[in-house]
Amino acid sequence: MLGLPRLLDMGQCNNAYGAIKVALGLAEALGCSVNDLPLTLVVSWFEQKAVAVLLTLLYLGVKGITIGPKPPAFITPNVFKILQEKYDLRLIGQRAEDDLRRVLAVRGSSTADTRSVSPKANIAG
């Protein structure tokens, strides 16, 4: 998309504000919403800052966030179900290759080479 790399490591929790600003800038430049961008956010650790980042993203209406491998303990199964339905909140899978294919939108291709793709695709971690 416009010469941008397909995978951007946006850093740790402390960099979340910058990542949000980049996403908002791209959306504005392309005349769409953040949720219309081919963007995947992965929040992988659930220390206090990462939880704050997740809650901020949900407050902003960002959809399709990936967390995991399990929801944090404070999210009950019923709350997680609601977050899945309303925000398309997802869990990472059992295989990194499958997650990378999904994130990079390489669907249905058993020959996709994910070996050269960095597994660091975290907006907050």
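**Ground rules**

I am working with a predicted model, where local features need pLDDT of at least 70, side-chain atom pairs count only at pLDDT 80 or more, and totals for chains, interfaces and linings use all residues. Residues are numbered from 1 along each chain as its sequence is written, and side-chain values use heavy atoms, with hydrogens and water left out.

**Entry 1: the core**

I began with the nonpolar core, meaning a set of buried Ala, Val, Leu, Ile, Met, Phe, Trp, Tyr and Cys residues joined through side-chain atoms within 4.5 Å. For burial I noted the cut-offs: buried is under 20% relative accessible area, exposed is over 50%, and partly exposed is in between (1.4 Å probe, protein chains only).

The largest such core holds 21 residues, and Leu57, Ile65, Ile67 and Leu89 have the most contacts inside it. Two or more residues each come from helix 1 (16-30), strand 1 (41-43), helix 2, strand 2 and helix 3. Helix 2 gives the most, with 5 residues. I take helices (H or I, at least four residues) and strands (E, at least two) as DSSP runs, numbered from the N terminus.

Which residues does Leu89 touch, not counting those up to four places away in sequence? I found Leu54, Ile65, Ile67, Phe80, Leu83 and Gln84 on its list, where contact means heavy atoms within 4.5 Å.

Next I looked up which residues of helix 3 (residues 77-87) are buried, and they are Phe80, Leu83 and Tyr87. They sit on the same side of helix 3, because they cover an arc of only 65° around the axis; that arc is taken from the directions from the helix axis to the C-beta atoms.

**Entry 2: salt bridges**

I then turned to charge. Side chains of opposite charge can pair when their charged atoms come close. How many salt bridges does the structure hold? I noted 3, each being a side-chain nitrogen of Lys or Arg within 4 Å of a carboxyl oxygen of Asp or Glu.

- Asp88 and Arg90 meet through their side chains, at 2.5 Å from N to O. Asp88 is partly exposed at 34% relative accessible area, and Arg90 is partly exposed at 26%.
- Asp98 pairs with Arg95, with their closest N and O atoms 3.0 Å apart. Asp98 is partly exposed at 40% relative accessibility, and Arg95 is partly exposed at 44%.
- Arg101 and Asp98 pair at 3.8 Å, N to O. Those two are 3 residues apart in helix 4 (residues 96-103), so about one helical turn separates them. Arg101 counts as buried, at 16% relative accessibility.

I also saw that Arg95, Asp98 and Arg101 are linked in a network of salt bridges.

**Entry 3: Asp99**

Asp99 is in helix 4 too. Is Asp99 buried or exposed? I wrote down buried, at 16% relative accessibility. Leaving aside neighbours within four places in sequence, Asp99 is in contact with Ile92 and Gly93.

**Entry 4: Leu26**

I found Leu26 in helix 1, partly exposed at 23% relative accessibility. Leu26 and Leu37 are 11 residues apart along the chain, and their C-alpha atoms are separated by 8.0 Å.

I kept the backbone for the end. Most residues other than glycine have a negative phi, and most peptide bonds are trans.

Where does a cis peptide bond occur? One joins Gly68 and Pro69, with omega about 20°. Pro69 lies in the loop between strand 2 and helix 3.

Asp88 came up again here: its phi is positive, near 55°, and it is a residue other than glycine.
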